[in-house]
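Hello,

Here is the structure for you to look through. My notes on it follow below.

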Amino acid sequence: MSRITRRTVLGAGLATAGTGLLAACSGSAPGHSSHGGGTPPTAGYLTPDSREIVAAEALRRPGPERKVKLTAVETPLDLGGGRTVRSWAYGDRLPGSEVRVTAGDTLALTLANSLPVPTSIHWHGLALRNDMDGVPGLTQRDIRAGASFDYRFAVTHPGTYWFHPHSGVQQDRGLYAPLIVEDPREPLAYDKEWVIVLDDWVDGVDGSTPDSVLAELGAGMGGMDHGASGGMEGHAMPGMQPADGRSPSPAPSGPSRMLMGARSELLGGDAGDVAYPYYLVNGRTAEDPETFTAAPGDRIRLRIINAGGDTAFRVALGGHRLTVTHTDGFPVEQAPAEALLLGMGERFDALVTAGDGVFPLTALAEGKGGAALAVLRTSGGAAPTASVRPKELSGTVVQAARLKAAESVRLAPRRPDTTIELGLTGSMGAYDWAINGQRYDPARRYPVRSGERVRLAFVNRTTMWHPMHLHGHTFALPDGGARKDTAIVLPGRRLDVDFDADNPGLWMVHCHNVYHAESGMMTVLGYRK
């Protein structure tokens, strides 16, 4: 198996990230506001091998090295209840094995690609060096089949994170795992941790794959060929075909997975596009759930990750009230909750004191009707059934927009130097999701400069909600709101978020609905030279 290193990739020149694989786009000149349109030529931007990226990493003072080896493979996966599917995963586990480091460590992870197609790893939520962000065609080349890649970067901030490919719709297979960064000065007191990874599952069920789902959504709702890569060669780019000559939009296979009529008041209307046959907690269906064992009175830290492709989850622990402590890795003013709502890519940490008995942890697929289940057991008794719906699901539902950042992580008051308006556009009918009416093109960038306070104005001009994710930074929600890297933007609404431009490079902003993103709802923020 051949190995790709940062030196060989960047030494060969990553044309897409530097001078532009595609023709440079015309647009507004750099200034203090950017609305729609394109940007100046790509030659005016930093690249992943710029000296500024190396200097920024040195300032992080990388500490002790934590070595991990990981293999992406095609493998059978046991979902429980006698259901086995063939999918892609990290090893033979779903989710992949947890990676746990301490803030200040250097993570040195080698990914060996034993899949039949290229792949990558994106480190969701981490402010890391740009050349390790894992976006083929922007920050690195694809890790081709049979090759490997060495990811190596400093991990500076504690919290609950995760990793997954940024290659087509591969994330909606089994290629994901939690990344837990421990705080060497942990302020919370608790007895146990329960890492809870939520997912919606379609791959390998009755012939379905995420690629065929994407093809059906495009063809079935608009009859258009959207040029989606389906995970074959990174993200779709205008006018490009996969190098192996396969169609960028494979024909639909298996039963129809198109979802119509799913509604949620919390999400402002339409809840999602895909009718998934299963919903999972830690890789298990509700008919054969995972059981977490504790003692009555134990204080448990829940680390909850929504790794789904198209589903928001409403989560509650029957018979318990939660205390929310963090979202997206950053502390918040602690808040009580009976239930939590997580969009795709979002994370919540919460504390709970375990009661005496057997309790359902139910993750309701918001607006879709199905649910995932896990069990908390502290004593004897019958396990809850798959149909259980704890009353807490109808209680106080906490969303990230209602939380306030802890004082220690609030951004200092400052007026934005630059405002970038990102209009979220497209429709279910045409399945033409985009930003400012333009599908993803890695040569189109919105300019920022190091040291600026940047405001992103997400303006949702669609009838669907979108969980918008920023790479390499965290932003602050308005009015002292939570620090986040992924935030729900409701239909017809505007959400302004601020961040400090302190991590040079080329960084994606995109919807974390994997099918919206791969249809075109992605763009790039580029640091100017």
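In these notes, contact means heavy atoms within 4.5 Å. Helices (H or I, at least four residues) and strands (E, at least two) are DSSP runs, numbered from the N terminus. Please note that this is a predicted model, in which local features need pLDDT of at least 70 and side-chain atom pairs count only at pLDDT 80 or more, while totals for chains, interfaces and linings use all residues. Residues are numbered from 1 along each chain as its sequence is written, and side-chain values use heavy atoms, with hydrogens and water left out.

Overall

The protein has four helices and 35 strands. Of its 529 residues, 63% count as buried; buried means under 20% relative accessible area, exposed over 50%, and partly exposed in between (1.4 Å probe, protein chains only). The accessible surface of the protein comes to about 18,200 Å², by the Shrake-Rupley method with a 1.4 Å probe, where for residues only the protein chains shown count as cover. Carbon and sulfur atoms account for 50% of that surface. Among contacts between residues at least 6 apart in sequence, 76% join residues at least 24 apart.

Helix 2

Helix 2 spans residues 51-59, and Ile 53, Ala 56 and Glu 57 are buried in it. Seen down the helix axis, the buried residues of helix 2 fall within an arc of 100°, so they line one face. The arc is that of the directions from the helix axis to the C-beta atoms. An α-helix has 3.6 residues a turn, so residues three or four places apart point the same way. Strand 8 (147-154) is included in what covers the buried residues of helix 2. Arg 51 and Leu 59, on the other side of helix 2, are exposed. After helix 2 comes Arg 61, with a positive phi near 55°.

Nonpolar cores

A nonpolar core is a set of buried Ala, Val, Leu, Ile, Met, Phe, Trp, Tyr and Cys residues joined through side-chain atoms within 4.5 Å. The largest one has 108 residues, of which Leu 107, Trp 123, Leu 456 and Tyr 515 touch the most other members. Another core, of 16 residues, lies apart from it and has Val 85, Ala 89, Trp 162 and Ile 180 among its members. Leaving aside neighbours within four places in sequence, Trp 123 is in contact with residues including Leu 109, Met 132, Asp 133, Tyr 151 and Phe 163.

Strands

Two strands pair if DSSP finds at least two bridges between them. Six strands form an open sheet with mixed pairing, in the order 15-23-22-17-20-24. Strand 15 (291-293) and strand 24 are the edge strands, each pairing on one side only. Within this order, strand 17 (residues 313-317) and strand 20 (residues 339-342) are antiparallel and share three bridges, and Arg 314 has Leu 341 in strand 20 as its bridge partner.

Strand 21 (residues 347-353) has six of its seven residues buried. Seven bridges join strand 21 to strand 16 (residues 299-306), antiparallel, with Ile 300 opposite Val 352. Strand 21 also pairs with strand 18 (residues 322-327) in the antiparallel sense, over four bridges, and there Thr 323 has Leu 351 as its bridge partner.

Gln 399 sits in the loop between strand 24 (397-398) and strand 25 (418-425). Is Gln 399 buried or exposed? Gln 399 is buried, with a relative accessible area of 18%. Apart from neighbours within four places in sequence, Gln 399 is in contact with Leu 266, Leu 341 and Phe 348.

Regards
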